[in-house]
Amino acid sequence: MQRKTRRLIKITAIIIAVLAIAYTVGGAFYMYHFALEDMSGKDMKQSWQRLADDYPRVKSWADSLKQTGQLCDTTITTNDGRHLHAIYAPAKEKTLNTALIVHGYTCNSVVYLYMGYLFNETLGYNIFLPDLHAHGLSDGDAIQMGWKDADDVMTWIPVCNSIFRDSTDTKMVLHGTSMGGATVMNVSGMKTPDYVHGFIEDSGYTSVWDEFEYELKEQFGLPTFPLLHASSLLTQIRDGWSFGEAAPIERLKHSEKPMFFIHSDNDTFVPSWMASPLFEAKKNNKERWTVPGSAHAEAYKDYPEEYAARVKSFLEKIM
C-alpha cells in the first residue's frame, strides 16, 4: 500500500511539474507574441487615417507638405543588414533648429506627425521622424521597447544632421513619447554629438521589467513569477536583451545634457508613479511638468497651447 501511495505521489508530482513547465513555456511565448510581435504599427494606411481622426488639422498640414514635396522619405541600412525608414521636412524659414521625434509603442512616424506639427508649424523647426524597428516601413519582426532602438536612433542622428546642416551643424533636440520617451532617455545616457543640445521625454517608463510587471497585473491579474522571468529569458535568446537590463532609469544616471520630463498624473498605461524616480535618477539639468488629468501620452492633445509654450520655454534655454 505504501509503495502504491509513493508511486501515486511521484506520478502526481511529475504531472504537476510537466503542467507547470508547459504553463511557463507556453505563457512565455504567448507574452512575447502579445507584447513584442504586435505589428499594428506597420499599417501605414491605418496610420494616416488615425492621424486624420485624431488631428484633422495636422493631417491637412501633412498633406500640404506631401503635395509640395517638402515631406520626404529616407532609408538607411544598418550594419546587420536591416533597412530603416524615416520621414522629414524642413522648416518654412531656413534654420538650424531641428527636432528628431521618436514615436511610441505600435505607432510610427506618420502617427507622430502630430508632434511634428508642434515643432515644424508652431515652433519653426526642421523635423525628422524615424520608424523604429518593426514599426512603419522599417524592418523587424519584434518590438525592441526602446532598448536596441537607442542604437538605431544614434545612427539616425548624424543622418538627420547632414540633411539640415549648412556650413555648421544643426542645433538638435530629441523628443520621444511613451516607448519613444524611453528610447530618448536611453540615448541621453550615451555619448551624443555636441550638436545634440537636449532631450524631451513624455510618458516614458522606468524599465521594461517594471512596465510589463505592471501590465501583467493590471490586464491579466497574474504575478510576476514565473511568466515575466521566462518571457525575459525568451527575449534574451531571441533578441539579445532582457527586460531587466532595458532600464532607462539606469541610463539617466549617465545623462548630462538638459532634459524636460513630461508625465500625466492620471496615466494608467505607464503608471504615473514612474515619473518621480525617473526625474530623480537624472542628477542635474532637468525640468518637469506634471500634467493634470490626461490619459497616457495625451498631454499635447489635451493642452496644445500650454504644451507648446512649455516646450518652447525649455528650448529657448538650451538651443
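Trainee: How many salt bridges does the structure hold?

Mentor: This is a predicted model, and the structure in it holds 12 salt bridges. Side chains of opposite charge can pair when their charged atoms come close.

Trainee: What makes Arg238 and Glu37 a salt bridge?

Mentor: The closest N and O atoms of Arg238 and Glu37 are 3.4 Å apart, and the cut-off for a salt bridge is within 4 Å, so the pair counts as one. Arg238 lies in helix H8 (residues 227-239), while Glu37 is in the loop between H1 and H2, so the pair ties together parts that are 201 residues apart in sequence.

Trainee: Why are Arg238 and Glu37 called partly exposed?

Mentor: Partly exposed lies between buried, under 20% relative accessible area, and exposed, over 50%. Arg238 has a relative accessible area of 42% and Glu37 one of 27%, so each of them falls in that middle range.

Trainee: Where does the charged end of Arg238 sit?

Mentor: The charged end of Arg238 sits over the ring of Tyr32, 4.8 Å from its centre, and the distance cut-off is within 6 Å of the ring centre. Lys66 likewise lies over the face of Trp48, at 3.9 Å from the ring centre.

Trainee: How do you know that Arg310 and Glu306 form a salt bridge, and what separates them along the helix?

Mentor: Their closest N and O atoms are 2.9 Å apart, and because the limit is within 4 Å, the pair qualifies. Being 4 residues apart in helix H12 (residues 304-318), Arg310 and Glu306 are separated by about one helical turn. Arg310, at 33% relative accessibility, counts as partly exposed, and Glu306 is partly exposed with a relative accessible area of 33%. Elsewhere, salt bridges that share partners join Lys59, Asp63 and Lys66 into one network.

Trainee: What about Asp169 and Arg165: how far apart are their closest N and O atoms?

Mentor: Asp169 forms a salt bridge with Arg165, the closest N and O atoms being 2.9 Å apart. Asp169 has a relative accessible area of 34% and is partly exposed, and Arg165 counts as partly exposed at 34% relative accessibility.

Trainee: Which residues do ring pairs link into a cluster?

Mentor: The cluster consists of Tyr55, Tyr112, Tyr114, Trp289, Tyr300 and Tyr307.

Trainee: How much space lies in the largest pocket, and which residues are closest to its centre?

Mentor: About 320 Å³ of space lies in the largest pocket. Of the 17 residues that line it, the closest to its centre are Arg50, Cys107, Tyr112, His296 and Ala297. The lining divides into 9 nonpolar, 4 polar and 4 charged residues, and helix H2 (residues 44-54) gives the largest share, 3 residues.

Trainee: Which element gives the most to the lining of the second largest pocket?

Mentor: H7 gives the most, with 6 residues. The second largest pocket has a volume of about 230 Å³, and its lining divides into 12 nonpolar, 2 polar and 2 charged residues.

Key: Residues are numbered from 1 along each chain as its sequence is written. This is a predicted model: local features need pLDDT of at least 70, side-chain atom pairs count only at pLDDT 80 or more; totals for chains, interfaces and linings use all residues. Side-chain values use heavy atoms; hydrogens and water are left out. On a 1 Å grid over the protein atoms alone, a cavity is a set of points where a 1.4 Å probe fits but cannot get out, and a pocket is an open set with protein on both sides within 12 Å along at least five of seven lines; lining residues have an atom within 4 Å of a point. Grid points are joined across faces, edges and corners, and a volume is the space filled by probe spheres set on the points. Helices (H or I, at least four residues) and strands (E, at least two) are DSSP runs, numbered from the N terminus. Ala, Val, Leu, Ile, Met, Phe, Trp, Tyr, Cys and Pro count as nonpolar, Asp, Glu, Lys and Arg as charged, and the others, Gly among them, as polar. A salt bridge is a side-chain nitrogen of Lys or Arg within 4 Å of a carboxyl oxygen of Asp or Glu. Buried means under 20% relative accessible area, exposed over 50%, partly exposed in between (1.4 Å probe, protein chains only). Rings of Phe, Tyr and Trp (its six-membered ring) pair if their centres lie within 6.5 Å; planes under 30 degrees apart count as stacked, over 60 as edge-to-face and the rest as tilted. A charge sits over a ring if NZ of Lys or CZ of Arg is within 6 Å of the ring centre and within 35 degrees of the ring normal.
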